[in-house]
Amino acid sequence: MSIRLYNTLTRSKQAFRPGDPSRVTMYVCGPTVYNYAHIGNARPAVVFDLLYRLLRSRYQNVVYARNITDIDDKIIKAAAASGEPIDALTARFTDIYRRDMAALGVLPPDLEPRATDHMDEMVAMIEALLDGGHAYLAEGHVLFDVTSHPAYGELSGRSLDDMEAGARVEVEDYKRNPGDFVLWKPSTADQPGWDSPWGRGRPGWHIECSAMSAKHLGATIDIHGGGRDLVFPHHENELAQSVCVHRQPFVRYWVHNGFLTVDRDKMSKSEGNTLTVHELLEQFPGEVLRLVLMSAHYRQPLDWSDAALQQARERLNRMYLSLRELDEVELDEPEIDAPVDLREALEDDLNTPKALGLLATYVNRANSATDPDERRRLKAGLLGAGRLLGLLGHEPEAWLKAGAGRQRVDAEVVEALIAERTRARRAADFDQADRIRDQLNEMGVIIEDGAGETRWRIAT
């Protein structure tokens with residue numbers, strides 16, 4: 001079975017056929033680094049990390065680029081408000097973003113181009129658009145003329161008439177058409193700027209990704225990903241300017257993830273329900289957050305809630321409990337591979353709900369299996385599935401003793417109480433043993449008596 005992906009451009013699910021199977025290319029819009037990433041920003045990072053893992057399991061050479069937007073009006077405003085130099089601000093939040101995504105099990109991309117390192121490429125692309133009659137100069141700005149590209153609107157399904165009818169009343173008077181967008185804009189003395197044929201200024205947002213993807217991946221790339229909110233105007237504008245410059249298709253497969261809500265409300269600062277990954281990681285392990293982000297199909301809306309977090313924690317606990325019972329089963333590295341049916345679920349447009357349901361059935365089988373060969377196969381499958389999904393990356397015992405992040409227990413204290421309870425049981429002082437068990441329960445610790453030892457874990 002080949003990988004099948006829903007292509008936003010064709011509005012259909014298609015078999016994935018890269019232009020060059022020996023070099024599969026994927027570009028995903030990364031963060032604008034002026035603040036902490038919220039959990040909605042983490043959804044595309046996790047979705048395309050999963051796709052990256054799946055592609056790497058199929059193809060020997062996958063080149064994944066995820067950019068860093070380190071020049072933007074929001075960045076300029078944030079730096080001015082904090083008094084921090086722009087380069088220091090963007091470097092700090094870039095590092096935080098990388099660490100937070102790594103905590104979610106997101107692998108680093110192969111390439112992480114920064115917008116400020118690609119001014120020459122952007123200027124060259126803008127010059128090509130001017131030479132081709134697709135852009136014009138107006139009051140120090142360079143703008144893309146959307147009427148010069150007859151296919152404009154094909155990605156979002158919007159017509160120029162619809163866009164003009166829906167445009168804001170106050171459109172800049174230097175624009176020929178309401179939908180024309182900025183390629184280059186002038187910078188004041190107190191704003192960052194770069195020299196160009198049109199004066200000192202800085203690029204528009206859309207030209208950044210077109211220039212960076214072309215330099216690192218080529219004029220035509222296999223997959224371009226991002227959140228559904230980027231379909232228009234960002235990806236629509238990228239598509240138009242890239243095709244007009246290179247005169248060939250820009251992207252073979254456009255892949256977009258759905259929106260995220262919090263307790264069924266749109267996440268926004270005005271609603272006071274913006275949840276940052278940084279803060280959530282202080283309360284929950286990254287795998288819990290990752291599992292919630294994969295619990296719905298990537299193209300569907302995802303609702304974030306305390307109940308979803310608790311359910312994810314419990315599901316992971318069951319998986320780790322099962323793996324702990326398989327501790328004595330030894331495996332060679334080549335044996336660890338995802339089961340065929342789970343792989344097929346992911347190859348069918350990243351069907352994570354089906355894949356996670358299959359993972360739960362493997363856990364149930366492992367819990368009841370007694371045949372050594374069957375236990376071996378199931379452990380290999382669980383670990384292989386976890387590797388493909390970006391889950392089950394911890395030692396079971398360490399995970400089960402860590403808790404959800406909310407409980408803070410001293411492992412030495414717990415071990416001492418368990419040792420005291422063991423001595424009480426050996427002395428037939430069962431009342432004392434029960435009191436210690438109750439004390440441990442109050443601490444959020446569950447103890448499990450087994451043959452020759454007592455193990456413990458944090459309650460969910």
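**Entry 1: the pocket lining.** I began with the largest pocket and asked which elements line it. α1 (39-58), β4, α6 and β9 each supply at least two residues of its lining. I noted that the model is a predicted one. Which of these elements gives the most to the lining? I found that α1 does, with five residues.

**Entry 2: pocket contents.** I looked up the space in the largest pocket and got about 1,400 Å³. I counted 41 residues around the pocket. His38, Gly40, Asn41, Lys74 and Asp229 lie nearest its centre. I then sorted the lining by class: 17 residues are nonpolar, 16 are polar and eight are charged.

**Entry 3: the sheet.** Next I turned to the strands. I traced an open sheet of four, in the order β4-β3-β9-β10, and its pairing is parallel. Which strands sit at the edges? They are β4 (62-66) and β10 (251-257), and each pairs on one side only. I read an average twist of 20° from one strand to the next.

Entry 4: β3 covers residues 24-28 and pairs with β4 in the parallel sense, over five bridges. Across this pair, I found Met26 opposite Tyr64 in β4.

Entry 5: Last, I checked α6, residues 205-217.

Note on methods: Residues numbered from 1 in each chain as written. Predicted model: local features only at pLDDT ≥ 70, side-chain atom pairs only at ≥ 80, totals over all residues. Heavy atoms only, no water. Pairing = 2+ DSSP bridges. Axes fitted to C-alpha atoms, helices over the stretch in contact; angles between N-to-C directions. Contact = heavy atoms within 4.5 Å. 1 Å grid on protein atoms, 1.4 Å probe; cavity = no way out; pocket = protein on both sides within 12 Å on 5 of 7 lines; lining within 4 Å. Points joined across faces, edges and corners; volume = space filled by probe spheres on them. Nonpolar A, V, L, I, M, F, W, Y, C, P; charged D, E, K, R; others polar.
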